[in-house]
Amino acid sequence: MERSRAYESLVRTHGDAVLRFLRRRIDPQTADDVFSETMLIVWRRFDDVPEEPLPWLYVTARNCLRNAERSARRQWRVAERIITVDPPTDTVDPGPEEDPRADCLRAALARLSATDAEVLRLWAWEELGPPEIATVLDITTNAATIRLHRAKKKLRQEMEAPRRPTGTTTKGGER
């Protein structure tokens, strides 16, 4: 009974943060599924949860997310093999108006390496400091500090760099 109460307390205290962590990285439905898987693992490995649980929970959620992404890629490859005639057309819901800087930020973030983007997400979205980022990424605090500094610099450069529209050519015919 003690374990159940401790688990419930952990979920009440940190569950929303873990769910936000996942929803910032994947669609809401998949995030909910991954969250359930994460909490199942937390229950099974409850004795392994450290005193400061949030970074450990992020690591567990991140690993579950990777498994879900691998599964989705496998399903997509199967679907690509099956679809041979008349693929479905794309429909996009324009959604509500968004801050125009969000597109610039999203595009700049997408141009960064996966490692740099993840360090920035952990810092900005999850509000983790270098020691917690180090725990999540399984690196030293010093390495996390350096990666965070470099990632911020690269993001700033990407956001300030002039972009040519895709599909345009230069005078020499290069793209």
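This is a predicted model: local features need pLDDT of at least 70, side-chain atom pairs count only at pLDDT 80 or more; totals for chains, interfaces and linings use all residues.
Biologist: What makes up the secondary structure of the chain?
Modeller: The chain has 7 helices and 0 strands.

Biologist: Why is Glu118 called buried?
Modeller: Its relative accessibility is 10%. Buried means under 20%. Therefore Glu118 counts as buried. Glu118 lies in helix α5, residues 114-124. It touches Phe21, Arg25, Arg62 and Leu137, leaving aside residues up to four places away in sequence.

Biologist: How do you know that Tyr7 and Trp43 form an aromatic pair, and why is it called edge-to-face?
Modeller: The ring centres are 5.1 Å apart. The limit for a pair is 6.5 Å.

Biologist: What does the pair tie together?
Modeller: Tyr7 lies in helix α1 and Trp43 in helix α2, so the pair ties together parts 36 residues apart in sequence.

Biologist: Why is Trp43 called partly exposed?
Modeller: Its relative accessible area is 33%. Tyr7 is buried, at 17%.

Biologist: What makes Tyr7 and Phe46 an edge-to-face pair?
Modeller: Their centres lie 6.2 Å apart, with 70° between the planes. The cut-offs are within 6.5 Å and over 60 degrees. Both values pass, so the pair is edge-to-face. Tyr7, Trp43 and Phe46 form one aromatic cluster.

Biologist: How do you know that the charged end of Arg25 sits over the ring of Phe21?
Modeller: It is 3.9 Å from the ring centre. The distance limit is 6 Å, and an angle limit of 35 degrees from the ring normal also applies. Arg25 is listed as sitting over the ring.

Note on methods. Residues are numbered from 1 along each chain as its sequence is written. Side-chain values use heavy atoms; hydrogens and water are left out. Helices (H or I, at least four residues) and strands (E, at least two) are DSSP runs, numbered from the N terminus. Buried means under 20% relative accessible area, exposed over 50%, partly exposed in between (1.4 Å probe, protein chains only). Contact means heavy atoms within 4.5 Å. Rings of Phe, Tyr and Trp (its six-membered ring) pair if their centres lie within 6.5 Å; planes under 30 degrees apart count as stacked, over 60 as edge-to-face and the rest as tilted.
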